[in-house]
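Here is a short briefing to read alongside the model. It begins with one loop and then moves on to the helices and their contacts.

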Amino acid sequence: MKLLLAGIALILIVETNAEWYNFPREAAQGAHDMWRAYRDMREANFKNSDKYFHARGNYDAAQRGAGGRWAAKVISDARELMPGGSGRGAKDSAADQRANRWGRDGKDPNHFRPKGLPKKY
């Protein structure tokens with residue numbers, strides 16, 4: 001009987017306090033959101049739009065949950081840490097990271113949207 005009660009208590013604790021079982025799915029979906037934002041940025045090829053796409057990719061991924069936020073952070077950090085990164089230097093990399101955090105924090109990515117960017121994006 002004690003074992004049964006302990007099992008029930010453990011199940012209730014896991015179910016109510018941690019949704020760790022969703023993390024891998026959220027991370028995969030978040031990585032896909034990041035890829036979609038990158039693909040759209042390349043397709044749009046619109047001047048001064050990179051910060052918008054950084055914020056949008058991170059925002060979309062973070063909306064998936066903890067796994068999506070994690071994937072967005074890992075992908076964003078890895079891109080900025082790569083030798084050459086964006087190819088525009090430390091100042092641009094810092095601005096990209098601000099846009100990344102803005103999106104991951106759930107703030108509106110349209111804050112970075114340049115005038116004239118097609119509504120498709």
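Asn45 sits in the loop that links H2 and H3. Please keep in mind that this is a predicted model. The protein has five helices and zero strands, and along the sequence the pattern reads α-α-α-α-α.

- Asn45 has a phi near 45°, a positive value in a residue other than glycine.
- With 68% relative accessibility, Asn45 counts as exposed, since the cut-off for exposed is over 50%.
- Asn48 also belongs to the loop between H2 and H3, and its phi is positive too, at about 60°, although Asn48 is not a glycine.
- Asn48 has a relative accessibility of 57% and so counts as exposed.

**H2 against H3**

- The crossing of H2 past H3 is right-handed.
- From H2, the contact draws on Gly30, Asp33, Met34, Arg36, Ala37, Asp40, Met41 and Ala44, while H3 brings Asp50, Phe53, Arg56, Gly57, Asn58, Asp60 and Ala61.
- By type, the residues of the contact of H2 with H3 are six nonpolar, three polar and six charged.

**H2 against H4**

- Helix H2 (residues 23-44) and helix H4 (residues 66-81) have axes that come within 7 Å and cross at roughly 45°.
- H2 and H4 are therefore oblique to each other.
- H2 passes H4 in a right-handed crossing.
- On the H2 side the contact involves Phe23, Glu26, Ala27, Gly30, Ala31 and Met34, and these meet Ala66, Gly67, Gly68, Trp70, Ala71, Ala72, Ile75 and Ser76 in H4.
- The residues of the contact of H2 with H4 come to nine nonpolar, four polar and one charged.
- Val74 is also placed in helix H4, and its C-alpha atom is separated by 9.4 Å from that of Ala31, 43 residues apart along the chain.
- Val74 has 39% relative accessibility and so counts as partly exposed.

- Once neighbours within four places in sequence are set aside, Ala44 is in contact with Phe53, Leu117 and Tyr121.
- As a general background, nonpolar side chains tend to be buried together in soluble globular proteins.

- Gln97 lies in helix H5 (residues 90-104).
- Is Gln97 buried or exposed? With 15% relative accessibility, Gln97 counts as buried, because the cut-off for buried is under 20%.
- Apart from neighbours within four places in sequence, Gln97 is in contact with Ser76, Asp77 and Glu80.

**The protein as a whole**

- Of the 121 residues in the protein, 36% are buried.
- Among contacts between residues at least 6 apart in sequence, 70% join residues at least 24 apart.

How values were computed
Residues numbered from 1 in each chain as written. Predicted model: local features only at pLDDT ≥ 70, side-chain atom pairs only at ≥ 80, totals over all residues. Heavy atoms only, no water. Axes fitted to C-alpha atoms, helices over the stretch in contact; angles between N-to-C directions. Helix = DSSP H or I, 4+ residues; strand = E, 2+ residues; numbered from the N terminus. Parallel < 35°, antiparallel > 145°, perpendicular 65-115°, else oblique. Left-handed = near helix turned anticlockwise from the far one by under 90°. Contact = heavy atoms within 4.5 Å. Nonpolar A, V, L, I, M, F, W, Y, C, P; charged D, E, K, R; others polar. Buried < 20%, exposed > 50% of the residue type's maximum accessible area, 1.4 Å probe, protein only.
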